[in-house]
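Please describe how the chains of this predicted model meet one another.

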Number of protein chains: 4
Amino acid sequence: MEKNSYFTWPIRVYYEDTDCAGIVYYANYLKYLERARTEWLRALGAGQQKLMTEEDGFLFVVIEVNIKYHRSSFLEDDLEVRSKVGEHRKATIVFEQEIYRGDEKIVTARVKCACLDVKTHKPKAMPEELLARMTNLDN
Amino acid sequence: MEKNSYFTWPIRVYYEDTDCAGIVYYANYLKYLERARTEWLRALGAGQQKLMTEEDGFLFVVIEVNIKYHRSSFLEDDLEVRSKVGEHRKATIVFEQEIYRGDEKIVTARVKCACLDVKTHKPKAMPEELLARMTNLDN
Amino acid sequence: MEKNSYFTWPIRVYYEDTDCAGIVYYANYLKYLERARTEWLRALGAGQQKLMTEEDGFLFVVIEVNIKYHRSSFLEDDLEVRSKVGEHRKATIVFEQEIYRGDEKIVTARVKCACLDVKTHKPKAMPEELLARMTNLDN
Amino acid sequence: MEKNSYFTWPIRVYYEDTDCAGIVYYANYLKYLERARTEWLRALGAGQQKLMTEEDGFLFVVIEVNIKYHRSSFLEDDLEVRSKVGEHRKATIVFEQEIYRGDEKIVTARVKCACLDVKTHKPKAMPEELLARMTNLDN
């Protein structure tokens, strides 16, 4: 990804994240990816608690993940999650996310979410303003 | 604990449970303890989904845990959780739980729960019949 | 998948697996998938502890996951993981895995693993006999 | 605890931490407590990777936890873990830890650790200098 074109969030690796092979357990990267998406929404004033309790609230539900594990990471590593928006339609959005340790790419992921009405759980269009802000990071 | 005086539930240790010190991560034993409590309630016909959706439903909320870690356990260990009821009052109950690997005691725990009304979240007396069945395992 | 052509493993959903949206948290299905792979290897006499400590030991490292979430699952659901081997080369193998609740498909996943030498961590061919047994489930 | 007499570490609650009762799952507070202990050691220049790989390395192993849950916490709560050293002997140390949300106390915990030699796994005295720095926070 090009600099300034993504949202970054730091992660530190703790004991809870590792397994007895000495590395971060493969499912736990999905937690890191979600923390980054959540923090991005918060940074845009759209915390999930807020989204879910608003009159016309919505929630994102993950419907597909493609993730490649390039390298292992280890206890006390300082990682960085980089996130941007890829394809998006009215009620689905793809987050393109990468995890780095310094210059080394650890993980590449593509996370597709459906946008659902918080009450009916039916597909719902994302607010255009929020989408505009997520796709114009450097403006 | 004496034989036949407790409810037993088997646990197998997977990668997800271990950490990079090569052993089961200390918080994960609390998951094992809860699986055993949940299965015990199910065995008595009182699954948590059922308890929570009944007209006069209640739920257990853990309010205190005392846990001693005697030995480590490892990937693919076959463990056994042994559970019985200790002190109990109208709206609180103590589960005395131990985790074994064969004859070796791994963990001793005392888990105190409050019994709450599922709607009001106020303290509520446990059904006497359920309590009677939990305290008379071998009858 | 056709019947008898895959390895099945049951999973029960506990509190630890769910999140505050009331459903199983998306990362936790990767735990279920791994439990099933681990149990399949055990059923074939190739437990991971054993594989890792043998003279010519190897370990599987996940290098890619593609997972689709079709439906949500909930507390106390009884799920079934169905696993079979897809593409395989000398030192990589794809597990095709699905998770069902009764007749409803919850998750479809494709998990690509590298087979590494336990000492050198370099790619290593899987034992042919093990592969043969995994690809001929109904023989 | 009195101000300036403890080490503080912030925690944000994510989806991964909550369960379907809508609150932080009881085992996950033990993760928060450990992150705080780890960060405290790091702040003192004694990161766990470093401790474990030094010539005369040691590691802390939790041998007992007493934890009281006073209140629930929720998605996106901002929590603070406060940690100080309680009783300590040559090779054991008690961490007294509390978790707050603003002025509300969520959790009180007492975590007893053994200090082990990283090679032999036998009890080992903590370095006096490290202990002195942990017990004199405001100097």
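## Basis of the values

This is a predicted model, in which local features need pLDDT of at least 70 and side-chain atom pairs count only at pLDDT 80 or more, while totals for chains, interfaces and linings use all residues. Residues are numbered from 1 along each chain as its sequence is written, chains are lettered from A and ligands numbered from 1 in the order in which they are written, and side-chain values use heavy atoms, with hydrogens and water left out.

## Chain A against chain C: extent and composition

Contact, meaning heavy atoms within 4.5 Å, joins 16 residues of chain A to 16 residues of chain C. The buried area, which is the accessible area (1.4 Å probe) that two parts lose on being put together, summed over both, is about 1700 Å² for chain A and chain C, with 60% of it on carbon and sulfur atoms. Of the area that chain A buries against chain C, 30% comes from A:Y26, A:L30 and A:Y69, more than from any other three residues.

The most comes from β2(A), with eight residues. By class, this side of chain A has 10 nonpolar, one polar and five charged residues, where Ala, Val, Leu, Ile, Met, Phe, Trp, Tyr, Cys and Pro count as nonpolar, Asp, Glu, Lys and Arg as charged, and the others, Gly among them, as polar.

Strand β2(A) pairs with strand β2 (residues 58-69) of chain C in the antiparallel sense over five bridges, pairing being assigned if DSSP finds at least two bridges between two strands. Within this arrangement, A:K68 stands opposite C:E64 in β2(C). The interface has zero salt bridges by the rule, which asks for a side-chain nitrogen of Lys or Arg within 4 Å of a carboxyl oxygen of Asp or Glu.

## Chain B against chain C

Here 19 residues of chain B are in contact with 19 residues of chain C, and the two chains bury about 2000 Å² between them, 42% of it on carbon and sulfur atoms. On the side of chain B, the residues that lose the most area to chain C are B:Y14, B:Y15 and B:E76, together 30% of what that side buries.

Between chain B and chain C there are eight salt bridges, including one in which the side chains of B:R35 and C:E16 meet (2.9 Å, N to O). At least two residues each are supplied to this side by β1 (7-12), α1 (28-43) and α2 (48-53) of chain B, and α1(B) gives the most, with six residues. The residues of this side divide into six nonpolar, four polar and nine charged.

Technical notes: Helices (H or I, at least four residues) and strands (E, at least two) are DSSP runs, numbered from the N terminus.
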